[in-house]
Amino acid sequence: MSPTPNRSVLLIEDDPVLGESLVQRLNLEGIRTWWGRSAAEGERLLRTQKPGLIVCDMRLPDGSGEELLTRLLPEVGGTPVVVVTAFGEVDQAVRLIRAGADDYIEKPFPPQVLLDKLRAFAEWSPPAEPQREGSSGQPNMQKLERDLERLARVDTNVLITGESGVGKEVAARRLHELGDRAEAPFVAVNCAAIPAELLESEMFGHERGAFTGAAQRHEGFAERARGGTLFLDEIGEMAAPLQAKLLRLIQERRFNRVGGREALPLKARIVAATNLDLEARVAEGSFREDLYYRLAVVTLHVPPLRERPADVERLAQSFLAHFASAFRRPLPTLSRAAQDALLAHKWPGNVRELKNRVERAMVLSDAAVIEASDLFPGRQEAPTPVLSLADARDAAERDHIRRMLVRFGGRIAETAQALGVSRTTLWERMKRLGIEA
Ligand SMILES: Nc1ncnc2c1ncn2[C@@H]1O[C@H](COP(=O)(O)OP(=O)(O)OP(=O)(O)O)[C@@H](O)[C@H]1O
């Protein structure tokens, strides 16, 4: 019988913000965590507990993590050790890996990175999750849907990342609707669109007479969100002075209206989103590290549309239905060439671009069938390549199998059934045609 995996962590880390967000996140995953805030405390915990993994920062108030680990590594037996280094101090980690540590992480990093490392150690592999139909039947979107359902039940801050137009705000709204806060307001703030000098009074509100022109008391976004969700979009664009105020809001869950003496409680949950590389911003000093750790207790990544071909088809159909109803006309269909063109496109503007293209096609054409040229006007038809009959047959077969795999979310058994062949035949055909599962 294989031993039960020891899902527990000893964290030796003196930074209260990083430590707290890691402990919170690990607990959320059901992983028992001991937190030593100094080298001495870490050593005591190591001798009294039996952690399944040790995560140790290199700079500790009462000594260096390197000294601690060099001394203790011979004693930890097979327990994996992950070293946390400051940005740009990788050589120290390399020395420790030579001395027996198993891996390292460079600061700043969101808690998810640590979880991924944990999973990478074989005994940490999480129990297999049941396959369920999510929003699209594709593994990455199923995972997003599952994460949203799970996170809707807790109150942790969430940072949603992904390219522009992938649906970060849609994900944040879904998180809001799935949880207990659904009846309360969802207040979205575009941190990049509001001028820096107005953002404070817009975010926290102001008292009457707080500044010239403040004729009335004004409720800010934090107050208007009540017990709902305060969604901070484009958080990476927030100016430094406001970052400090937001940190206070998150830490103390209190805020003052501009010109107000009374501290008001923050009742809303904070969900932030960014399409920038926030870790890089932290490393270059334009985004506060402590604020980053507070916001990114859980990071959810929404993949780009080009990695979700089944969503291209599903969303295109739903936008056709949406605009047909908005324009009060019968639901058009997509020609075969239009479907192919949608799947071949790289979608730099993601779902927003798809929505715009479908809307424009329906404005330009009131035919019952939408053609590729309606979706991609001005695009040159590719000249027909010269192919042998055998190669043309292979190309058509390859395209068709790929499309059916997309339609059935990559599930071989269902795809084979729809194609009227056995699973073995499908596997063989895919191998011959160079199609990846
Ligand atoms: N799953 C979806 N279903 C229907 N519409 C969607 C979906 N995802 C995104 N959209 C639509 O695509 C557009 C962009 O979505 P959204 O604003 O959520 O993206 P975003 O990632 O927050 O973009 P940005 O980074 O530019 O703020 C919106 O019009 C939204 O309604």
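Reader: What distance separates the C-alpha centres of domain 2 and domain 3?

Author: This is a predicted model: local features need pLDDT of at least 70, side-chain atom pairs count only at pLDDT 80 or more, and totals for chains, interfaces and linings use all residues. Residues are numbered from 1 along each chain as its sequence is written. Domain bounds come from an automatic or database domain assignment. Between the C-alpha centres of domain 2 and domain 3, the distance is 33 Å.

Reader: How many residues of domain 3 are in contact with domain 2?

Author: Two residues are in contact if their C-beta atoms, placed from the backbone, lie within 7 Å. Domain 2 spans 139-301 and domain 3 spans 305-375. Seven residues of domain 2 take part, and the residues they contact in domain 3 number nine.

Reader: On the side of domain 2 that touches domain 3, how many residues are polar?

Author: Sort the residues by type. Ala, Val, Leu, Ile, Met, Phe, Trp, Tyr, Cys and Pro count as nonpolar, Asp, Glu, Lys and Arg as charged, and the others, Gly among them, as polar. On this side of domain 2, two are nonpolar and one is charged, while the polar ones number four.

Reader: Which residues are closest to the ligand?

Author: A residue is near a molecule if its C-beta atom, placed from the backbone, lies within 6 Å of it. The ligand is surrounded by 15 residues. They divide into five nonpolar, five polar and five charged. The closest are S164, G167, K168, E169 and V351.

Reader: Which helices each supply at least two residues of that shell?

Author: Domain 2 and domain 3 each give the shell at least three residues. Helices are DSSP runs of H or I with at least four residues, strands are runs of E with at least two, and numbering starts at the N terminus. The helices that each supply at least two shell residues are helix 7 (168-178) and helix 15 (350-364).

Reader: Why do the buried residues of helix 7 line one face of the helix?

Author: A residue is buried if 20 or more other C-beta atoms lie within 10 Å of its own, exposed if 12 or fewer, and partly exposed in between, with C-beta atoms placed from the backbone. In helix 7, K168, A171, A172, L175 and H176 are buried. Take the directions from the helix axis to the C-beta atoms. The buried residues line one face because, seen down the axis, they fall within an arc of 140°.

Reader: Is D57 buried or exposed?

Author: UniProt, in an unreviewed entry, places "modified residue: 4-aspartylphosphate" at D57; such annotations may be inferred rather than shown by experiment. D57 sits in strand 3 (residues 53-57). Leaving out residues up to four places away in sequence, D57 touches I12, E13, D14, G65 and V84. With 25 other C-beta atoms within 10 Å, D57 is buried.

Reader: Is R328 buried or exposed?

Author: R328 has a positive phi near 50°, though it is not a glycine. Its place is the loop between helix 13 (309-326) and strand 17 (333-334). R328 has 6 C-beta neighbours inside 10 Å, so it counts as exposed.
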